[in-house]
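Subject: Structure handover

Hello,

Here is the structure I promised to pass on. Please open it alongside the notes that follow.

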Amino acid sequence: MRIRIVDAFTDRPFAGNPAGVLLLDDGAFPDDGWLGNVAMEVNHAETAFAHRLPEGGDADWALRWFTPVAEVAMCGHATLATAHVLHTTGAHRGPVRFATRSGVLVATPAADGSITLDFPTAPLTPVEVPPGAAEALGAEPVAAFDTGPHVGDLLLELADEKTVLGLGPDHRALAAHSTRGVIATARADDPARGYDFVSRCFFPNVGIDEDPVTGSAHTALAPHWSARLGRPDLTGLQASRRTGLVRTGLRGDRTLLTGSAVTVIEGELSA
């Protein structure tokens, strides 16, 4: 089987978020132990496994995502990476429907090479900042939100972009405050730079201290910042060391996530 490493939410190699992508030949998923071992060997934030489904159904491909230590319910960048592989290899043409643990997710390619994902909008519930969360993060939040079961993060709005960029959290301490991790975000200091808000994502509970670019987090960031900025279409900068841009479009209970991807490694899986 061919295995690929794809950088997602970027138009250049060695940026964005890398994901492993494996298209399975036999129309079914192998056992979970093997899937987990491959993801551990790839050792990126996520490895995506997909197989073709019979024609005439609600979806075209079945899709699952694994971190090096756990399966996750939703992953934006690995979905984008999988759609990129399907379209660049000719394995699928036009919009592709993925059957996932989060329902059917659609990825639509554009003429410029970008891909738009149609994901469920995260339901945001205001909550009190948990005791110890500010100390673990290293900054005092101005607001806190639960992002619902599919995302499973605590979203913390901070005072400004500089505070988000300067975070040096205690990852072990952060693990106590959510199912998956913590999203730290603030309004962009200067929207003329090409983005409306900035974020960083810390996911110690699934083995990822800081995720480079997180599509699923933007299903919560989109409604949060659209409500504050008064516009449905925004661009977010995830300010990890690799960085990446996610264009978001809030459409009620659905959120559109648009970005590009680049295949950087292709090889043969022999195990």
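Met74 has 2% relative accessibility, so Met74 counts as buried. Please keep in mind that this is a predicted model. Met74 sits in the loop between strand E5 (71–72) and helix H2 (76–89). Setting aside neighbours within four places in sequence, Met74 is in contact with Trp65, Ser102, Phe119, Pro120, His150, Arg180 and Ser216. His224 is 150 residues away from Met74 along the chain, and the two C-alpha atoms are separated by 19 Å.

**Ser114**

Another loop residue is worth a look. Ser114 lies between strand E7 (103–109) and strand E8 (115–120). Is Ser114 buried or exposed? Its relative accessibility is 5%, and the cut-off for buried is under 20%, so Ser114 counts as buried. The side chain of Ser114 makes a polar contact with the side chain of Asp112, at 2.7 Å. Beyond neighbours within four places in sequence, Ser114 is in contact with Thr108, Pro109, Arg247, Thr258, Gly259 and Ser260.

**Helix H1**

Next, the helix at residues 32–42, H1. Leu35, Val38, Ala39 and Val42 are buried there. Viewed down the axis of H1, the buried residues fall within an arc of 100°, so they line one face of the helix. What do the buried residues of H1 pack against? Four strands: E1 (2–8), E2 (17–23), E3 (46–52) and E4 (61–66).

Both ends of H1 have something to show. After H1 comes Asn43, with a positive phi near 60°.

**Strand E11**

E11 spans residues 153–157 and is mostly covered. Five of its five residues are buried. In a regular strand, side chains alternate between the two faces of the sheet. In E11, Asp153, Leu155 and Glu157 point one way. Leu154 and Leu156 point the other way. Residues of both sets are buried.

Now the pairing. E11 pairs with strand E10 (143–146) in the antiparallel sense, over four bridges. Here Leu155 is the bridge partner of Phe145. E11 and strand E12 (181–187) run parallel and are joined by five bridges. Thr185 in E12 stands opposite Glu157.

**Pocket and cavity**

The largest pocket holds about 230 Å³ of space. It is lined by 14 residues, and Phe9, Thr10, Asp11, Gly244 and Leu245 are the closest to its centre. Which strands each supply at least two residues of that lining? They are E15 (233–238), E16 (244–251) and E17 (254–259). E16 gives the largest share, three residues.

There is also one cavity of 30 Å³ or more. The largest cavity has a volume of about 60 Å³. Its lining is made of 14 residues. Glu46, Cys75, Arg180, Asp211 and Thr214 lie nearest the centre of the largest cavity. H2 and strand E14 (208–211) each supply at least two residues of this lining.

Best wishes

Definitions and conventions. Residues numbered from 1 in each chain as written. Predicted model: local features only at pLDDT ≥ 70, side-chain atom pairs only at ≥ 80, totals over all residues. Heavy atoms only, no water. Buried < 20%, exposed > 50% of the residue type's maximum accessible area, 1.4 Å probe, protein only. Arc of directions from axis to C-beta. Contact = heavy atoms within 4.5 Å. Pairing = 2+ DSSP bridges. 1 Å grid on protein atoms, 1.4 Å probe; cavity = no way out; pocket = protein on both sides within 12 Å on 5 of 7 lines; lining within 4 Å. Points joined across faces, edges and corners; volume = space filled by probe spheres on them. Polar contact = N/O pair within 3.5 Å; in protein donor to acceptor, adjacent residues only side chain to side chain.
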